[in-house]
Amino acid sequence: MSLIEGWFPPSRENYELLLHYWQLGYPVIGSMQWVVKWYGMGKTSVSSKLNIPGRLAWMTMECPGFLTLLYVMNTLPQKVGIDDLPWQNRVLGGLFVIHYSYRAVLFPLLQPSMSPIHVAVWSLAIGFQLCNALCISSWLSAYGPTTAEAWSSVSSVPQFILGIGIFYLGLSSNFFHDEELREIRRREQQRQVRWVEWFGFYMAAGWGCAPARAFLLNEMVTMMPRAVNGKKWYIDKFGEEKIGKKWAIIPGVW
């Protein structure tokens with residue numbers, strides 16, 4: 001039974017519509033951070049009646065991603081007449097769940113404290129998670145390669161394995177650096193390995209996987225202005241002489 005007929009899980013027509021706007025619309029929204037200084041999350045949080053306690057906000061805005069993927073991958077194949085999915089689909093779905101179950105549940109529980117998150121940021125994050133998970137899970141469940149023959153034409157086994165290796169490199173780096181995010185060099189290094197992680201996912205899925213490509217692009221568009229603004233915050237807080245030589249995004253370049 002569909003939670004929302006035609007949308008949850010999506011029909012092919014609605015999947016293509018959602019994917020179209022996910023690829024074109026969200027980069028515009030994410031890029032607005034370059035011109036908007038306010039960001040109601042983390043160290044830039046401000047006192048507001050619309051703030052949500054940090055742990056509660058983080059968990060409720062991150063959990064919809066992997067829960068949506070699990071739901072779609074367990075319902076959509078049957079709706080379109082697919083009896084079993086190739087192992088590649090299950091591996092990629094599993095990697096998505098591993099990443100976001102850690103980010104949504106373990107990460108906030110392990111933190112000694114978390115700043116409040118404004119309801120506007122919380123709402124945008126939920127929107128990101130739902131759009132991203134619906135696109136990726138629909139592709140994995142029915143609208144991408146669903147046979148061994150189809151996979152052979154989009155991502156060879158060596159390419160798939162290499163992509164998974166890159167993903168795990170980024171994932172393991174996330175685990176090791178999360179406890180050191182307060183120091184700016186570690187913070188930006190953690191953001192860089194997140195890009196590495198989802199680049200590996202995109203590579204494994206095949207260069208033609210539009211949902212994975214859109215996820216990587218939207219992650220970069222979202223995180224780059226935060227990285228630059230985060231460095232500015234540290235400079236204002238601790239001074240140019242202590243922070244100025246540390247790179248916000250690309251070591252040695254920017």
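Let's start at Leu-217, which sits in helix α8; helices here are DSSP runs of H or I with at least four residues, strands are runs of E with at least two, and both are numbered from the N terminus. Keep in mind that this is a predicted model, where local features need pLDDT of at least 70, side-chain atom pairs count only at pLDDT 80 or more, and totals for chains, interfaces and linings use all residues. Residues are numbered from 1 along each chain as its sequence is written, and side-chain values use heavy atoms, leaving out hydrogens and water.

Leu-217 has a relative accessible area of 41%, so it counts as partly exposed; buried means under 20%, exposed means over 50%, and partly exposed is in between, with a 1.4 Å probe and protein chains only. Its C-alpha atom is 9.5 Å from that of Trp-198, 19 residues away along the chain.

Trp-198 takes us inside. Together with Leu-92 and Phe-96, Trp-198 touches the most other members of the largest nonpolar core, which has 46 residues. Such a core is a set of buried Ala, Val, Leu, Ile, Met, Phe, Trp, Tyr and Cys residues joined through side-chain atoms within 4.5 Å. Among the elements giving it two or more residues are α1, α2 (54-79), α3 (87-110) and α7 (184-205), while α4 gives the largest share, 9 residues. In soluble globular proteins, nonpolar side chains tend to be buried together.

Now zoom out. The chain has 9 helices and 2 strands, running α-β-α-α-β-α-α-α-α-α-α from the N terminus. Of its 254 residues, 51% are buried. Take contacts (heavy atoms within 4.5 Å) between residues at least 6 apart in sequence: 82% of them join residues at least 24 apart.

What about the cysteines? With a disulfide taken as a pair of cysteine sulfur atoms within 2.5 Å, the count is 0. Cys-135 is in no disulfide, and its nearest cysteine sulfur, that of Cys-131, is 6.6 Å away. Cys-135 is buried at 0% relative accessibility, and Cys-63 is buried too, at 17%.

The chain exposes about 12600 Å², with carbon and sulfur atoms supplying 66% of it; areas come from the Shrake-Rupley method with a 1.4 Å probe, and for residues only the protein chains shown count as cover. Ile-4 lies in the segment before α1 (12-31) and is partly exposed at 48%.
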